[in-house]
Amino acid sequence: MKNRQRQKDILFSILIFCSAFAINLLIQKLFTTQTLVPMIFVFGVFLISLKTHGYCYGIISAIISVFAVNFAFTYPYYAFDFFIEESILSAVIMLVVAVSTSTLNIRIRDQEKLRSENEKERMRAICCGRSPMTCARPLPPYTGHPPR
């Protein structure tokens, strides 16, 4: 089950990253402004961090996005130049977005899991006809004979 979820997360991450890259290439061809490029990649990192399980997908997508912006969308084009202040700042911002979104997402999933478990316990207590406080003790086994 975890392997299937991992495959879904990887496929989703690749799909979002490629979509952000393609949108940025289209914007670069149609418009003269370059201000949208980092925002689209930050939005892609946000979506990846929101929909995948764990921190690594968001962090890896943030790092790859910084390389993509530096390589394809900043001067000199199609060459790496990490001495530009915007590259370092965009890397920090994308990492903060990825980590904070993943943290919030993990907390929400944990709370939902806890709520679901509490609801199961409450429903079991109602079905047993006992109060929720005494439901922690198991019911005695049924032997077919009335108690003495």
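Mentor: Let us begin with Asn24, which is placed in helix H1. The model is a predicted one, and the account below should be read accordingly. Is Asn24 buried or exposed? Its relative accessibility is 0%, and Asn24 therefore counts as buried, the cut-off for that class being under 20%. Setting aside residues up to four places away in sequence, Asn24 touches Leu36, Val37, Ile40, Phe41 and Phe73.

Several of these partners lead directly to the packing of two helices. On the H1 side, the residues that meet H2 are Asp9, Phe12, Ser13, Ile16, Phe17, Ala20, Phe21, Ile23, Asn24 and Ile27. On the H2 side, they are Leu36, Val37, Ile40, Phe41, Gly44, Leu47, Ile48 and Lys51.

How are the two helices arranged? In general, a packed pair is described by the angle between the axes and the distance between them. For H1 and H2 the angle is about 165°, and the axes lie 9 Å apart. Because angles over 145 degrees count as roughly antiparallel, H1 and H2 are roughly antiparallel to each other. Their crossing is right-handed.

From here we may turn to the nonpolar core. The largest such core has 15 residues. Those with the most contacts inside it are Val37, Phe41, Val45, Ala62, Val69, Phe73 and Met94. The elements that give two or more residues to this core are H1 (2–30), H2 (36–51), H3 (56–72) and H4. Of these, H3 gives the most, with five residues. Val37, Phe41 and Phe73 are among the residues touched by Asn24, and they are also among those with the most contacts inside the core.

Leaving aside neighbours within four places in sequence, Met94 is in contact with Pro38, Phe41, Val42, Val45, Ala62, Ser65, Val66 and Val69.

Finally, consider the charged pairs. A search of the whole structure finds three salt bridges. In one of them, the side chains of Glu112 and Arg115 meet at 2.7 Å, N to O. These two residues are three apart in helix H4 (residues 85–128), so about one helical turn separates them. Glu112 counts as partly exposed at 42% relative accessibility, and Arg115 is likewise partly exposed, with a relative accessible area of 48%.

Arg122 forms another salt bridge, with Glu119, and their closest N and O atoms are 3.0 Å apart. Both residues lie in H4, three residues apart, about one turn of the helix. Arg122 is partly exposed at 39% relative accessibility, and Glu119 is partly exposed at 32%.

The remaining pair is Glu121 with Arg124, where the closest N and O atoms are 2.2 Å apart. This pair also lies in H4, again three residues apart, about one turn of the helix. Relative accessible area is 38% for Glu121, which is partly exposed, and Arg124 counts as partly exposed at 43%.

Definitions and conventions: Residues numbered from 1 in each chain as written. Predicted model: local features only at pLDDT ≥ 70, side-chain atom pairs only at ≥ 80, totals over all residues. Heavy atoms only, no water. Salt bridge = Lys/Arg side-chain N within 4 Å of Asp/Glu carboxyl O. Helix = DSSP H or I, 4+ residues; strand = E, 2+ residues; numbered from the N terminus. Buried < 20%, exposed > 50% of the residue type's maximum accessible area, 1.4 Å probe, protein only. Core = buried A, V, L, I, M, F, W, Y, C linked by side-chain atoms within 4.5 Å. Contact = heavy atoms within 4.5 Å. Axes fitted to C-alpha atoms, helices over the stretch in contact; angles between N-to-C directions. Parallel < 35°, antiparallel > 145°, perpendicular 65-115°, else oblique. Left-handed = near helix turned anticlockwise from the far one by under 90°.
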